[in-house]
Amino acid sequence: MRPLAITGLGVSSPLGLGWDAFRASLAAPPGAAFTTSPTSFSALPHPALRVAEIAHFDPRPIVGDKGLRNNDRLTRLLLVAARLGLEHAGVKRDGAFVAHGPAEVGVCASTAYGSLEAIHELDSVARLEDPRYLNPARFPNTVINSSVGYVSIWEELRALNATVTNGPTGGLDAFDAASLWLDAGRAKAVLTGGAEAMSEGLWQAFRRLGALDEHPEAWAPGDPRSGGLRLGEGACLVVLEDLAAARARGAKVHAEVVGYGAAFEPAEASAPMVHVSAGALARAVQGALAGVDRARVAMVVSGLSGYGLLDGPERAAIAESLGEVPVRCPKAWMGETLGAAGAFGVAAAVGWLADGRAGDCAVVTSVGFYGNASALVVRRPE
Amino acid sequence: MTPRVLVTGMGVVSSLGLGRAAFWRSLVEGRSGTSTISSFDATRLGRTLAAEVQGFVAGDHLTATEAKRAGRCAAFALAAARMAVRDAGLDEGALRSERASVVLGTTMGEADICGLLDGRWIVEGPDAMSPRVLPKYAPYLLSMETAQAFGCRGTVLTLPAACAAGNYAIGYAADLIRAGRADVVITGAAEMLQELQFAGFVRLGAVAPERCQPFDLDRQGLIVGEGAGVMVLESEEHAVRRGATALAEVGGYGLACDGFHITRPEPSGAGVIHALREAIWRAGLTVDEVDFINAHGTGTRANDAVESTAVRAVFGERRVPISSIKSLIGHCMGAASAIEAVSCVETINTGLYPPTVGYATPDPECDVAVVANAAGRGRADVVVNHSLAFGGYDAVVLFAKPDRLPPPDVREARS
């Protein structure tokens, strides 16, 4: 992979809106973002259950209120992250382009289950009232790529617009897609990352699957004693550019993306469709580290969530692939953000690498629910 | 050296039949796949027609385990993929490789599973959602199911690019091969007809009462369709090594975003123009070398007018034959451009242009050379496949007769 520059980071997260707030929260002990009383849907039915949501999320101070009425929560999270990311990268200032032009900036973002909130909303109208009462202005929200589409509309971006969906690994896979498209000259900058919104549907589904943590006293991602995950939400979009071009335009390079790998391991024919593969992650890490000096790896920024089904194979693959390297768990701060998780892992890696400890590379890892895995290598700029 | 990307096999699930032969025969004969919807009662909506896939039995194409796991959308994808792999003459075991990937597109994915779960929740409460059924819903499962079936161990990805999803997937799959990351990629898209989505299109005022008449003055909208189109793409070296027959080459593709409106195309057609020109120059060609256009041609007033404007802007006074098979198979949403890609390759192989049926009165806003009502015949070395989509997406893929295009390295040097 040709090195790419991260020139700006836009974050909407329970850890804060904006890069500075997010980074400061990651420097503090984890746990503060979790609540038993979410504001985005009715109270949790079990006192031990916790989520990390942006309480009373209001995008208007950042993106204004015109045109937001029919946008769902996922779209609003993305719009905030996009605006903050473009400004942070110096691509836009006060809403106007100051570097690149509209036809040179694209978007590539992941979501795993992004349209569920809208599907449930419209399905409820259709089933409990009448399908003739569906609000056509809300219908586009049921289409998975519409949220990312709105980013181009709001920010007047005319280069490619793409949504990736691949479960928890999607937030890393989006970087690979953006990289291919940047290499091909399809854009000069691509807002890259992922988003997932808190919704009752998503939360109920994971609860019914028995995947949620119900024992907060023992919860710690990566700790085998943890009983499950905690759902989080947010959007993370970084501005990705060709490294030399970014330097040439005088942009601040916050980090470099220097390696990516992805792999899939099929399940045995008679095994359940849901399966998590340590072998796939080991191959993904190997692919991501091709061309990277392993001695420079300072840390793994893992996808460990507290859910043993995923954590066990991920821990095994990290140990096998990288040995005794410090393993960090951003989900201890922000919970499981699914399609956004990989992008938040990249952002956490950028923040933690800036601490300047030994080594200048972080391997960001993620395993999917169906045998897929991805890894990305982030490097502190020289 | 950048490899050529070749199409070596194709599979189709459509309202006009299963398999490329049945599909193509019906297309050139101008048969309509439209019928009264049988999978749900649409009478209240005032629109009752769709191009539904009839007689599809998952077990005819999938193993018992696969059929049990997959919803209708993934079953379409997997059935079409299996047809494509067989058509390519590939032994399924040959795909058990880290150099074999799967990239598929969709709009909604497993919409029937989602609808089933959501319905139980709405009517009976959240505890009625079965933990056995929940893992069967994810918009990205069609790619996972396909990779699982063939044992592909490389990149597995789903691109939900609405009605441009097929073109996005094919373009991305070609990029994986050109970048040296894969030798073989199973790619295309799948979509199923589902009640909520159908009702949404009706509420948008996009669905025609009786028939889809692309580019006609009196067009009244689209007919919703469903199905899957899947291709096997291979690097030239891989195809030659195993003695495969190349059906076509994926020449280049163009992407743009209108950044204008979530459902309406931008009136000047600037995004489509950009995507079309990009697909042509990335293939190392000029606009004078395009022989046939497979239109997005939904039959809606806005789409067809904007698409015609773009065609005129790119090709000028040259009347390149253009046709929309949505007049026959309906608008298959995420699967549309993938199924139409199969049609493009059939055009290259036969020199036949499938017709746009229902074309009676020319529309001055659609001043393009429509292949009206009966199949045409002509030069078909280079064919472009248009798609426009929700989100303002514009994606165009160019297919060419094998060896018609300059070598990839020459194309890159020119660009």
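**Close-up 1. What helix α1 of chain A packs against.** The buried residues of α1(A) sit against β1, β2 (16–17), α3 (73–88), α11 (331–334) and α12 (341–353) of chain A. Helices are DSSP runs of H or I with at least four residues, strands are E runs of at least two, and both are numbered from the N terminus. The buried set is A:Trp19, A:Phe22, A:Ser25 and A:Leu26. They end up on the same side of α1(A) because they cover an arc of only 135° around the axis (the arc is that of the directions from the helix axis to the C-beta atoms). Buried means 20 or more other C-beta atoms within 10 Å of the residue's own, exposed means 12 or fewer, and partly exposed is in between, with C-beta atoms placed from the backbone.

This is a predicted model, where local features need pLDDT of at least 70 and side-chain atom pairs count only at pLDDT 80 or more, while totals for chains, interfaces and linings use all residues. Residues are numbered from 1 along each chain as its sequence is written, with chains lettered from A and ligands numbered from 1 in the order in which they are written.

**Close-up 2. Where the two domains of chain A meet.** Chain A is assigned domain 1 (4–248) and domain 2 (257–379); such bounds come from an automatic or database domain assignment. Domain 1 of chain A puts 57 residues into the contact, and domain 2 of chain A puts in 44. Here, contact means C-beta atoms, placed from the backbone, within 7 Å.

**Close-up 3. The largest nonpolar core.** This core has 307 residues, and A:Val378, B:Ala77 and B:Ala80 have the most contacts inside it. A nonpolar core is a set of buried Ala, Val, Leu, Ile, Met, Phe, Trp, Tyr and Cys residues joined through C-beta atoms within 7 Å. Helix α3 (residues 72–87) of chain B gives the most to the core, 12 residues. Leaving aside neighbours within four places in sequence, B:Ala80 touches B:Gly11, B:Val12, B:Val13, B:Gly188, B:Ala190, B:Ala228, B:Gly229 and B:Val230.

**Close-up 4. Chain B against chain A.** In this view, 56 residues of chain B are in contact with 61 residues of chain A. Among the elements giving two or more residues to the chain B side are α2 (64–69), α4 (111–124) and β9 (248–257). The largest share, 6 residues, is from α4(B).
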